[in-house]
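Here's a quick briefing to read alongside the model. Have the sequence and the 3D view open as you go.

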Amino acid sequence: MKARTRKWLRGLAVGVGALAALAALAFAIAFFYYDREVAQQFEGRRWTVPAKVYAAPIELYVGLPFTIDDFLAELERLKYRAATELDRPGSYRRRRGRFEIAVRAARFADELRPAQIIAVTIEGNAISGLRAADGADIPVFRLDPLLIGSIFPIHGEDRIVLTPDDVPPLLPAAIKAVEDRKFDTHHGIDLEAIARALWVNLRAGKVEQGGSTLTQQLVKSYFLDGRRTLGRKLEEAMMALALEARYDKRDLMTAYINEIYLGQQGDRAIHGFGLASRFWFAKPLDELDLAETALLVAIVRGPPYYDPRRHPQRAQQRRDLVLRILARQGIVPAAQAEAAAARPLGIATRPSGGYYPAYLDFVRRTLRRDYKEEDLTEAGLSIFTSFDPRAQLAAEQALEGELTRLDRTRKPPGGQAGLEGAVVVTLPQSGEVIAMVGGRNVSFDGLNRALASPRAIGSLVKPFVYLAAVESGRWNATSVLDDTPIEVPLSRNNVWRPQNFSRDAHGPVSMVRALSESLNLATVHLGLDVGVPQVAQLLARFGLGKAPPPLPSLLLGALDLPPIDVAQLYNGLANGGFQVPLRAVRAVVNEHGERIGAYPVRIEPVAPPDAVYEVDRMMTYVIERGTGRAAAARLPRGLVVAGKTGSSSDLRDGWFAGFSGSHLAVVWIGYDDNRPTGVTGSSGSLIVWQKVMSALGTSSWQPPMPETLEDLAIDYSSGLRVTTGCSQDEVIVAVPRGTAPPFLAGCAPPSGIADWLRGIIR
Amino acid sequence: MPPRPALAPTLPALLASLALAACATPVYRPPGGSAGTPVPAPEGSGVPTPVPSTPLPEPAPVPAPVPAPKSYRLGAATSALVSQAQGASARGDYETAAATLERALRIEPDNPLVWIEMGRARLAGGDPVQAENMGRRALALAAGAPREQASARQLIADAQSAR
């Protein structure tokens, strides 16, 4: 009996041993397989460092207008700190208008600039001195470029990738406390947690608790789809074990913090705590307080379910649970947790700046247009852009302020969304886009109206009708147009009867007045005379690429364009008839500092400079006395700007597009569902435009007049020539030499040298 | 925002030119202003332009003013960048030259000399089409400045013969 038992036991042992060996072998093979799999993929992901996107650096030079306050703000933006000793790069000290700055080393597209000390003197609101440490004058010096975001240029994802040093210690502690208490000691899976979860779920009859470790969650996010099968679970466990065997806990925690899914904006997934912090609170992770950190950790469990904007109550309950767990585990004192639980969620309704999705969207678009895909897959790229944070802030504030004001005065009927808008700001000579606002809630709804919302441009088309006329040589600013009712047969039974905005007809009017006051009838008469195809071709040359169908309604702007395309068209007007493709990217540099695929500025003449000058001059009267005059008094004194209002039928869209000597801005306002707004281009959009222009510190439009032209004083209404002071209604236009019209009756100069002289001088 | 160090006609200058018909830079004047278009004189002469002493027959059209020979120079910052770019160009590094010249362009976007330099760098870098276009841009900006117009025309001609 004993012998049989012993034999049986021995047999069992052998059997179990063989089975165990077999299982170990299977496990080893599986482990080996998954280890390779995981290593390949994890390395690929871990080292996919996103491209860093930089704003335009500020170029300092003697004579540059800069107030001491603005300069301090700039140093603050670049995270320079005031110090008594310039002990390390990134510090500065100031005595009144004299700054000594320990500048950090910085990489630019064309050089690697070493860290150094410079002295900047500001006197009378301009830089008056710029010197190196040894006292030598520096002609021009770039401040560090500001990091404005990180993107994966190819799949279009943006992410703020953090290193372990960027992560405040509370965050990993809280994640571990809530999601995976044994993270520091387990080997990838936590059997006890699985058993506990199984027990809880069985008792509840549904899945209430997950037993996944952070490592398993990471594996799931990296490699696996959302299916929950036993096979998947086993695979996930094997991969987790493999990851743990290869990488240390710190690496895994960092990967988790950068990878985990924490929200959704349209079709854009918010991954990683760095971006999530911006997305939910509009501030960087290291500025979050306990309550905010707890909310992010709460969201991990189910971003759509615990969405604090859509489901604030649920989110708050779970946040408070997280706070209790933190207190219970002694990670924070109970009193602090209680105080935090008493706080509101603190979700940002408006971003505080520092996050620019519309502009990054445009960066991706220009990259796709100008660069080869294989060049952009490299890790560690630096993308240098023309982004100007100050212009961006001005544009965001101007738009938001005006839309809020308009929404108050015309409350949209119950539940309908408020007014929306978009702004694009460029430097006309180089075609660089320096600011872009895609909607009023800059961060949240994912629709970039500046690029993706084509809307009817209305009267914005008129300068091109007038330019086509002037270019033909048959018209100039003094020409008399016919502002009378017109019927345009479109097809057999269809007649188009355009009307002026005021419903009045003005009879004969000068061209400069017809443009300034945006007279529809005069424009249609002119456009039909010039030829609609000529206008369509001109639009194509100025950047539409393809001519729109030459239908008569084109003359009044029956053409849907997104604000960026309007900016492209007007950029050619602002740039003297030279077209420059609008762009955001100045250079892309790889991690070795080599430029990849350089795309320097390209220009192309698209219209005679003198014809463009004549039309631009007429457009200054839009502001001076036409549909844009509401802005004239609010612009900086003496600033000369040119522009045009645009309103589509029934006021569904309000536009203003215009430029100074150094900036172009396009503003659109309307509803997303295209219902009438009751706001003309000369109210809402014009006001936003004026505020943006005023904030930019821009210079007057005053290019040299082409030698083929001359200044001429004319009567605004009739277009007839006048002598100074004769007409109440005198404007000075530019016309081709020798084309002056006759004098207005009673306004011809008497003979005599004095008057002849005056004639010259006028 | 960028100042125009080379050409900064002031209101007093315009007024002075009204009185003296002395030298000044012709610029477009904001509509509604009170100063007249200056009558130009050779640059740097400082001598009032002689006023014709015989009245022209009336009502003849007012003769066009003689274009003012004005001239441009580069500001200190731009000038430093241009020499830096020329150095890069001489080394055959046209990409860096172009990037550096774009910095200059952002500081003085209306200075024809910057556009001429950009065009020269493009020509050296083997892009005569852009060189010519930049020459045309410079030519437009150089209205009234014969020396710069001549350089722009030379650039255009060189670019055309390189095509």
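Which residues in α2(B) meet which residues in α3(B)? From α2(B) they are B:Ala77, B:Thr78, B:Leu81, B:Val82, B:Gln84, B:Ala85, B:Ala88 and B:Ser89, and from α3(B) they are B:Tyr94, B:Thr96, B:Ala97, B:Thr100, B:Leu101, B:Arg103, B:Ala104 and B:Ile107. Contact here means heavy atoms within 4.5 Å. Keep in mind that this is a predicted model, where local features need pLDDT of at least 70 and side-chain atom pairs count only at pLDDT 80 or more, while totals for chains, interfaces and linings use all residues. Residues are numbered from 1 along each chain as its sequence is written, chains are lettered from A and ligands numbered from 1 in the order in which they are written, and side-chain values use heavy atoms, with hydrogens and water left out.

**The helix pair in chain B**
- Helix α2 of chain B covers residues 76-90 and helix α3 of chain B covers residues 94-107; they pack at about 170 degrees with axes 8 Å apart.
- That angle makes α2(B) roughly antiparallel to α3(B), a label for angles over 145 degrees.
- The axes are lines fitted to C-alpha atoms over the stretch in contact, and angles run from 0 to 180 degrees between N-to-C directions.

**The disulfide**
- There is one disulfide over all chains, counting cysteine sulfur atoms within 2.5 Å.
- A:Cys726 is joined to A:Cys747, S to S 1.7 Å.
- The S-S torsion of A:Cys726 and A:Cys747 is about -85 degrees, so this disulfide is left-handed.
- A:Cys726 is partly exposed at 33% relative accessibility, whereas A:Cys747 is buried at 3% (buried is under 20% relative accessible area, exposed over 50%, partly exposed in between, with a 1.4 Å probe and protein chains only).

**Chain A overall**
- Chain A has 23 helices and 31 strands, taken as DSSP runs numbered from the N terminus (helices H or I, at least four residues; strands E, at least two).
- Of its 762 residues, 55% are buried.

**Positive phi in chain A**
- A:Arg96 has phi near 50 degrees, a positive value in a residue other than glycine.
- A:Arg96 sits in the loop between β4 (91-95) and β5 (98-103) of chain A, and is exposed at 66% relative accessible area.
- A:Asn125 also has a positive phi, near 60 degrees, and lies in the loop between β8 (116-123) and β9 (126-132) of chain A.

Definitions and conventions. Angles under 35 degrees count as roughly parallel, over 145 as roughly antiparallel, 65 to 115 as roughly perpendicular and the rest as oblique.
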